Amino acid sequence: MPGLQDKVVILTGAGGSIGGAMAEFLAAEKARLVLVDLHEPVEVLDCVRQNGSEAIAVVADVSDPASTDEMARQAVSSFGRIDGLINNAAYYRSASQSRFDEIDVEEWDRCFQVNVRGAWLCARAVFAQMRAQSSGKIVNIGSNTPYKGVGGLAHYVASKAAVIGLTRALAREAGEFGICVNALCPDFIPHDGGDLDERQGEMNRRVLSQRCLPRTQQAQDITGVLRLLLGPDSDFVTGQSILVNGGAYFH
Ligand SMILES: NC(=O)c1ccc[n+]([C@@H]2O[C@H](COP(=O)([O-])OP(=O)(O)OC[C@H]3O[C@@H](n4cnc5c(N)ncnc54)[C@H](O)[C@@H]3O)[C@@H](O)[C@H]2O)c1
């Protein structure tokens with residue numbers, strides 16, 4: 001499969017658990033990276049550079065239009081083009097687990113600001129450059145939760161369902177400019193490797209029992225599909241949501 005060498009890829013949420021793993025993978029592919037997060041992802045940036053990949057860090061809040069426009073501007077001024085955008089930043093780790101009638105209204109809004117408005121703003125920010133190039137790949141990181149209808153996280157689940165709708169709508173509008181927009185939807189990936197706290201352990205046991213492939217999912221399990229969606233082998237694939245879930249749910 002063709003690799004991603006020299007592709008200029010913007011990765012939001014680069015300082016997070018899955019973001020770090022994707023950055024490491026993309027560096028090994030020799031992509032040129034724009035690593036975006038609320039705080040400079042210092043460790044990820046060091047790791048990527050040690051792997052010989054060119055990378056810059058951009059501190060940005062994806063829910064803020066001035067930040068996302070600046071993110072795109074810095075990508076173009078550093079590398080001259082934008083081949084890929086991975087909308088990975090999310091209001092996820094700090095999402096409270098509550099029944100739907102107990103979710104705080106401000107928390108609901110923040111979740112949608114980051115997960116939905118953020119993905120839209122980042123796509124909007126890179127659109128002019130991708131359109132000028134007549135090419136580009138946007139990969140929205142979704143989730144299996146809207147397909148399963150997971151309880152206790154209605155704000156997060158609804159926001160990830162909106163990401164699927166956004167993916168389809170953007171694919172319709174961006175296709176004529178040679179831009180593909182797809183969603184990559186992981187299942188539950190525990191944050192701390194082997195040492196799971198009570199909440200993570202319980203969630204992991206539950207999802208393991210749903211899978212055809214009954215093992216814990218790692219962030220590295222999504223990198224093959226990521227390569228496909230960012231690279232030329234998926235040039236005729238758009239508007240799709242690919243579930244990487246060990247067969248937990250068929251779609
Ligand atoms: N871990 C899982 O089980 C799982 C499963 C399915 C989907 N996902 C999705 O994968 C993606 C990554 O999740 P993760 O598990 O690595 O979470 P994480 O919390 O480790 O990483 C999220 C990153 O996004 C950053 N971020 C948050 N708000 C931001 C903002 N406004 N602007 C810029 N950056 C912001 C955070 O600082 C953090 O570094 C998310 O989209 C999440 O919804 C995760």
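I looked up the contacts of Q5: beyond its neighbours within four places in sequence, Q5 is in contact with E29 and K30 (contact puts C-beta atoms, placed from the backbone, within 7 Å). The model is predicted; local features need pLDDT of at least 70 and side-chain atom pairs pLDDT 80 or more, while totals for chains, interfaces and linings use all residues. Residues are numbered from 1 along each chain as its sequence is written.

I placed Q5 in the segment before strand 1 (8-12); helices (H or I, at least four residues) and strands (E, at least two) are DSSP runs numbered from the N terminus. Q5 counts as exposed because it has 11 C-beta neighbours inside 10 Å (12 or fewer is exposed, 20 or more buried, in between partly exposed, with C-beta atoms placed from the backbone).

I checked strand 4 (84-87) against strand 5 (136-141): 4 bridges join them, and I86 has V139 as its bridge partner.

Last, I listed the ligand shell. It holds 26 residues, the closest being G13, G16, I18, A90 and R93 (near means a C-beta atom, placed from the backbone, within 6 Å). Helix 1 (17-28) and helix 4 (105-133) each give two or more residues, and helix 1 gives the most, with 3.

Technical notes
Two residues are in contact if their C-beta atoms, placed from the backbone, lie within 7 Å. Two strands pair if DSSP finds at least two bridges between them.
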